[in-house]
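Dear colleague,

Here is the structure I promised to pass on, and my notes on its pockets and core follow below.

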Amino acid sequence: MNDKLRYVTKKKIGSGGMAVVYLAHDTVLGRDVAMKVLHPHLAESEKARKRFENEASAIAALSHENIVKIYDFGISDEKCFLVMEYLTGSTVLEFIQKFAPVPNLILLSICHQLFSGLHEAHSKGICHRDIKPSNLMIDKNGSVVSG
């Protein structure tokens, strides 16, 4: 058996009520990924682990340019994590803070892309429960991506 770790964390890039997000490197596929790790106190809860797993399954069931891609989910050494594509760019919140007041046509584009992703999720019976500017990314190509 290979003792090499599949994912090696590089740095913390964010945190929220349920988890911490790290920039990590996938040593098998040779690419950077975002790794969302459930907070340790929540990882002890079967209910929280199941909710986290359901989140990963729900996102993985979707395929849309405005929804982050999920690559992996796992429980290892009492850690519960999901691995998703790493997006470079800024959050919508950071964008608004930097460029306020944002022209209406740009705001309409952001909203249109957000609603397009939400429509895809809703068509599959999935409801995003945490839409806010800090959870939406604008990638290097200008696409709005929700996770």
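The lining of the second largest pocket divides into ten nonpolar, three polar and five charged residues, where Ala, Val, Leu, Ile, Met, Phe, Trp, Tyr, Cys and Pro count as nonpolar, Asp, Glu, Lys and Arg as charged, and the others, Gly among them, as polar. Please keep in mind that this is a predicted model, in which local features need pLDDT of at least 70 and side-chain atom pairs count only at pLDDT 80 or more, while totals for chains, interfaces and linings use all residues. Residues are numbered from 1 along each chain as its sequence is written, and side-chain values use heavy atoms, with hydrogens and water left out.

A pocket here is an open set of points on a 1 Å grid over the protein atoms alone, where a 1.4 Å probe fits, with protein on both sides within 12 Å along at least five of seven lines, and lining residues have an atom within 4 Å of a point. The second largest pocket is lined by 18 residues, with Met35, Val37, Ser76, Lys79 and Phe81 nearest its centre. The largest pocket has 44 lining residues, of which Lys36, Glu55, Met84, Asn135 and Gly147 are the closest to its centre, and its lining comprises 21 nonpolar, 15 polar and eight charged residues.

Met84 also touches Val33, Ala34, Lys36, Val68, Lys69, Ile70 and Tyr71, leaving aside residues up to four places away in sequence, where contact means heavy atoms within 4.5 Å.

Best wishes
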